[in-house]
Amino acid sequence: MEFYVLLFSFFVIAFIYSSVGFGGGSSYLALLAQPFFQLLPDTIRPTALLCNIVVVTGGTIIFYKQNKIDWKEIWPFLVASVPLALLGGLWKLNQHAFFLLLAITLIIASVLLWIQPETMKGKNRFLQRMESKIAVGGLIGFLSGLVSIGGGIFLSPILHLTNWAEAKRISALASVFILVNSISGLLGQFLGRGINLEWSFILPLLVVVLIGGQLGSRLGAIRLHPLYIKRITAVLILVAALNILKDHL
């Protein structure tokens, strides 16, 4: 019964997150890390990244077909994030440190999602500079590799807060950013200590997030208001993070 609940939850997460250009990695992690599942980081981390990759691949293809992906704008965010996500994936954290870092990361993510404005007047010049894009991308990439998220849940709110571009272009960048960092972080885990994937556990999750992600990419953005989605998600992530802290402090 617990596994069926997990499958349904992953479907909902994929549907909601894909509708705003995310992969859902933070919520997959928050759910898998709950004490009652009794899963270890070596299972949690690759599972979340694989689900991320499945969901955002579809979104990235859709944004590419819509001509929303401009590589001249995107590459500065990726040039440092990809190698640093690999380094973060290589980094071996003990179980206690991983859950503490994950909880703190989720709390920060929930705050960023909540404070993100619906619209913003004027463009902040901070992320118009090349060095700022590289630094922000690299920092988020390293954190993404450590805790096994794609990083879009951090990058997207920052881009909205600085009014970097229109919402569709930000979502397109977030999708590409999540995809390449998830692949890089997963590769880092594989190179660092190998990955013993439990396919009987992971494959059903990949199937449901594929279905949820495809539906969300095509229908979710039409039916659901992005700001409401992000604030509901922020509350759920915060509750999950506090539950993880309660068990691991």
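# Exercises on a predicted model

E131 has a relative accessible area of 53% and is therefore exposed (exposed is over 50%, buried is under 20%, and partly exposed lies in between, with a 1.4 Å probe and protein chains only). The model is predicted: local features need pLDDT of at least 70, side-chain atom pairs count only at pLDDT 80 or more, and totals for chains, interfaces and linings use all residues. Residues are numbered from 1 along each chain as its sequence is written, and side-chain values use heavy atoms, with hydrogens and water left out.

**Exercise 1.** Find how many salt bridges the whole structure holds, and describe them.

*Solution.*
- Step 1. The search finds 3 salt bridges (a side-chain nitrogen of Lys or Arg within 4 Å of a carboxyl oxygen of Asp or Glu).
- Step 2. R129 pairs with E131, with the closest N and O atoms 3.7 Å apart. R129 is partly exposed at 41%.
- Step 3. D42 pairs with K92 at 3.5 Å, N to O. D42 is in helix α3 and K92 is in the loop between α5 and α6, 50 residues apart (helices are DSSP runs of H or I with at least four residues, strands are runs of E with at least two, and both are numbered from the N terminus).
- Step 4. E73 pairs with R169 at 2.2 Å, N to O. E73 lies in α4 and R169 in α9, so this bridge ties together parts 96 residues apart in sequence.

**Exercise 2.** Decide whether α7 and α8 are roughly parallel or antiparallel.

*Solution.*
- Step 1. The angle between α7 (residues 130–147) and α8 (residues 152–161) is about 155 degrees, and their axes are 9 Å apart (axes are lines fitted to C-alpha atoms, for helices over the stretch in contact, and angles run from 0 to 180 degrees between N-to-C directions).
- Step 2. The two helices are therefore roughly antiparallel (over 145 degrees; under 35 is roughly parallel, 65 to 115 roughly perpendicular, the rest oblique).
- Step 3. V136, I140 and L143 of α7 meet F154, L155 and I158 of α8 (contact means heavy atoms within 4.5 Å).

**Exercise 3.** Is G152 buried or exposed, and which residues does G152 touch?

*Solution.*
- Step 1. G152 is in helix α8.
- Step 2. The relative accessible area of G152 is 2%, so this residue is buried.
- Step 3. Leaving aside neighbours within four places in sequence, the contacts of G152 are F22, P157, F177 and I178.
- Step 4. S182 is 30 residues away along the chain, and its C-alpha atom is 10 Å from that of G152.
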